[in-house]
Amino acid sequence: MFRQVAHRLLARSTTNSSACAAAIVRRPYATEVSSDVSAGDSTFVEAWRKVAPNIDPPKTPIQFMEPRPPTPSALPSKLTVNFVLPYAAELSKAEVDMVIVPATTGQMGILPGHVPTIAELKPGLLSVHEGNDVKKYFISSGFAFVHSNSYADILAVEAVPLDRIDPAQVQKGLSEFTQKLNSASTDLDKAEAQIGVDVHSALNSALTG
Amino acid sequence: MASTAAVPFWRSAGMTYISYSNICASLVRNCLKEPYKSEAISREKVHFSVSKWADGKPQKPSNFLSFSIVSIFDFVDLGFGCFRHAIIDDYNF
């Protein structure tokens with residue numbers, strides 16, 4: 001099974017391999033597809049004109065969408081951040097200098113021109129740096145996508161500014177879950193208690209650090 | 001090509017990412033200061049009623065309930081061995 005995956009991956013990148021090219025059509029990557037569709041899909045427009053030359057062709061859905069912002073050839077000076085929660089957009093196309101996100105692999109700093117990345121976030125501190133201002137939020141979990149055109153999309157389930165967190169509750173929760181972790185029996189209980197300990201200790205270090 | 005890739009501890013314990021994410025979010029909401037805490041809890045409330053099915057027909061639906069997302073998983077145990085998964089028939093808003 002895995003040999004086939006490797007075979008297909010190779011076929012995608014080599015265009016001259018005779019046996020593979022016949023069997024597998026190489027599909028373009030999303031970033032290679034031209035984002036200029038303002039004139040509409042040309043095959044559709046031609047077919048329309050043959051059938052109904054006097055009527056303007058209707059617009060297709062893709063023409064109503066904003067095209068993907070192109071990847072600039074020079075390094076942009078600012079990062080455009082879309083920081084969204086399920087119920088609100090905290091930052092929408094905000095131009096900032098840097099964002100530091102709590103990825104599962106550690107704190108990750110995102111600057112303009114960052115390599116395209118998909119990062120899963122763990123409970124931790126997100127900081128948005130704009131000039132000399134730093135805005136900090138505590139994120140419960142989520143994902144961060146960095147695109148090649150220096151757009152960063154940060155999706156979080158729950159994000160709160162640090163001053164809305166109650167330190168007494170955090171301590172209480174931490175001791176409660178540490179106790180649960182010690183007395184847990186089933187795998188699932190242990191996992192839940194471990195999650196509790198992780199979240200509360202992250203909250204703690206966010207408040208103190 | 002490892003099919004034994006490292007999995008997070010919650011997945012090896014049988015939890016899905018969505019449950020993990022929802023549990024983290026509700027723990028964070030519990031640690032908020034007062035006016036924000038009640039806003040957050042009321043924002044995340046879900047209203048639902050559950051009806052069990054037998055012989056292709058729905059039985060009497062339960063009374064109108066409202067719980068936050070995470071406690072739904074604890075509350076509804078349909079006894080099919082689907083641990084921690086709730087099948088919700090209709091949302092009453």
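Student: Where in chain B is confidence lowest, and where is it highest?

Tutor: In chain B, strand S5 (residues 90-91) has the lowest mean, 40, and helix H2 (residues 17-30) the highest, 93. These values are pLDDT, the predictor's confidence in each residue, from 0 to 100. Helices (H or I, at least four residues) and strands (E, at least two) are DSSP runs, numbered from the N terminus. The model is predicted, so local features need pLDDT of at least 70 and side-chain atom pairs count only at pLDDT 80 or more, while totals for chains, interfaces and linings use all residues. Residues are numbered from 1 along each chain, chains are lettered from A in the order in which they are written, and side-chain values use heavy atoms, without hydrogens and water.

Student: Why is H5(A) called roughly antiparallel to H6(A)?

Tutor: The axes of H5 (residues 167-183) and H6 (residues 187-208) of chain A cross at roughly 150 degrees and come within 8 Å. Axes are lines fitted to C-alpha atoms, for helices over the stretch in contact, with angles from 0 to 180 degrees between N-to-C directions. Angles under 35 degrees count as roughly parallel, over 145 as roughly antiparallel, 65 to 115 as roughly perpendicular and the rest as oblique. Therefore H5(A) is roughly antiparallel to H6(A).

Student: Where does Pro57(A) lie?

Tutor: Pro57(A) is in the loop between helix H3 (42-51) and helix H4 (61-64) of chain A. Leaving aside neighbours within four places in sequence, Pro57(A) contacts Phe44(A), Val45(A), Trp48(A) and Arg49(A).

Key:
Contact means heavy atoms within 4.5 Å.
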